[in-house]
Amino acid sequence: MQNPNEDTEWNDILRAKGIIPPKKEKEITEDEIINMLESTIEAKQNDKDLSKLDLDELDELEDSEDEAVLQQYRMKRIAEMQAAASRARFGTVREISGQDYVEEVTKAGEGIYVVLHLYSRGVPLCALINQHLTQLALSFPTTKFVRAIATTCIANYPERNVPTIFVYYEGQMKKQFIGPLELGGTSLTCDELEYMLGQAKAIESNIKEDPRQSKKIKDKMMADLSDNNDW
């Protein structure tokens with residue numbers, strides 16, 4: 001016996017005359033619905049980068065786009081923004097003493113990176129790094145930036161070792177930069193320090209190539225040009 005649900009010309013005639021019932025619609029499984037939704041989201045992300053839109057811009061798209069998809073994405077973005085806001089509670093460089101060290105650094109909390117600068121007064125490079133860290137603290141408020149006079153945290157800390165930067169994560173030291181040579185001297189730029197801290201995972205920097213290498217190449221080119229002009 002012929003299946004009345006088959007897509008045949010004869011069945012179409014019989015359905016048109018009411019001899020057999022209309023074709024039953026195929027039931028969609030939950031997995032198929034999820035796959036359809038994910039495909040729709042991916043297609044819309046290829047058309048417009050939804051991750052870069054704020055909530056008002058997502059609202060404006062709802063009239064012309066799939067409302068269900070955009071609403072789900074909106075809720076996801078709200079959750080992401082709330083999570084980021086809960087982490088972004090720093091934004092400044094705090095001055096601490098040796099008594100604060102454990103509480104402020106090694107017990108900073110779960111998921112928190114701490115950048116500690118040990119410095120001495122009257123040292124130009126220390127002052128420069130404090131300026132750079134103030135700027136970086138504003139740009140990366142989810143990272144905790146603190147500073148302390150070296151000898152208040154570590155008794156008899158050698159002057160030759162300042163400035164020193166320690167990077168901690170959940171109480172464990174992850175990276176250390178000790179002394180002027182390792183930190184690049186008084187020519188250290190904020191971008192260079194950002195790159196170094198980014199490589200240490202203390203901040204999520206967009207600087208992926210070492211600015212110091214570019215500077216070396218530029219300096220060499222200038223030196224070569226100067227040598228050629230001497231002739």
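**Entry 1: one residue and its surroundings**

Which residues does His117 touch, not counting residues up to four places away in sequence? I looked up the contacts, keeping in mind that this is a predicted model. His117 touches Cys126, Ile129, Asn130 and Leu133, along with Val146, Arg147 and Ala148, and also Pro163, Thr164 and Ile165.

Next I asked where His117 sits, and I found its place in strand S2, which covers residues 113-119. Is His117 buried or exposed? I count His117 as buried because its relative accessible area is 0%, and the cut-off for buried is under 20%. I also noted one polar contact: the side chains of His117 and Asn130 are joined at 2.8 Å.

**Entry 2: the sheet**

I then followed the strands. They form an open sheet of 5 strands in the order S1-S3-S2-S4-S5, and the pairing is mixed.

I checked one pair more carefully. S1 pairs with strand S3 (residues 144-149) in the parallel sense, over 3 bridges. Arg94 has Val146 in S3 as its bridge partner. I was pleased to meet Val146 again, as it is among the residues that His117 touches.

**Entry 3: helices against the sheet**

Which strands does helix H6 touch? Helix H6 (residues 124-139) packs on the sheet and touches S1, S2, S3 and strand S4 (164-169). The direction of H6 makes about 160 degrees with that of S2.

I looked at helix H9 as well, which lies across S2, S3, S4 and S5 and runs at about 35 degrees to S4. H9 (residues 190-199) is mostly covered, with 8 of its 10 residues buried. Just after H9, I spotted Lys201 with a positive phi of about 70 degrees.

**Entry 4: the whole chain**

To finish, I zoomed out. The protein chain has 10 helices and 5 strands. Of its 231 residues, 33% count as buried. The chain exposes about 15400 Å², and carbon and sulfur atoms supply 50% of that area. Among contacts between residues at least 6 apart in sequence, 56% join residues at least 24 apart.

Note on methods:
Residues numbered from 1 in each chain as written. Predicted model: local features only at pLDDT ≥ 70, side-chain atom pairs only at ≥ 80, totals over all residues. Heavy atoms only, no water. Helix = DSSP H or I, 4+ residues; strand = E, 2+ residues; numbered from the N terminus. Buried < 20%, exposed > 50% of the residue type's maximum accessible area, 1.4 Å probe, protein only. Polar contact = N/O pair within 3.5 Å; in protein donor to acceptor, adjacent residues only side chain to side chain. Contact = heavy atoms within 4.5 Å. Areas by Shrake-Rupley, 256 points an atom, 1.4 Å probe, with all protein chains shown as cover. Pairing = 2+ DSSP bridges. Axes fitted to C-alpha atoms, helices over the stretch in contact; angles between N-to-C directions.
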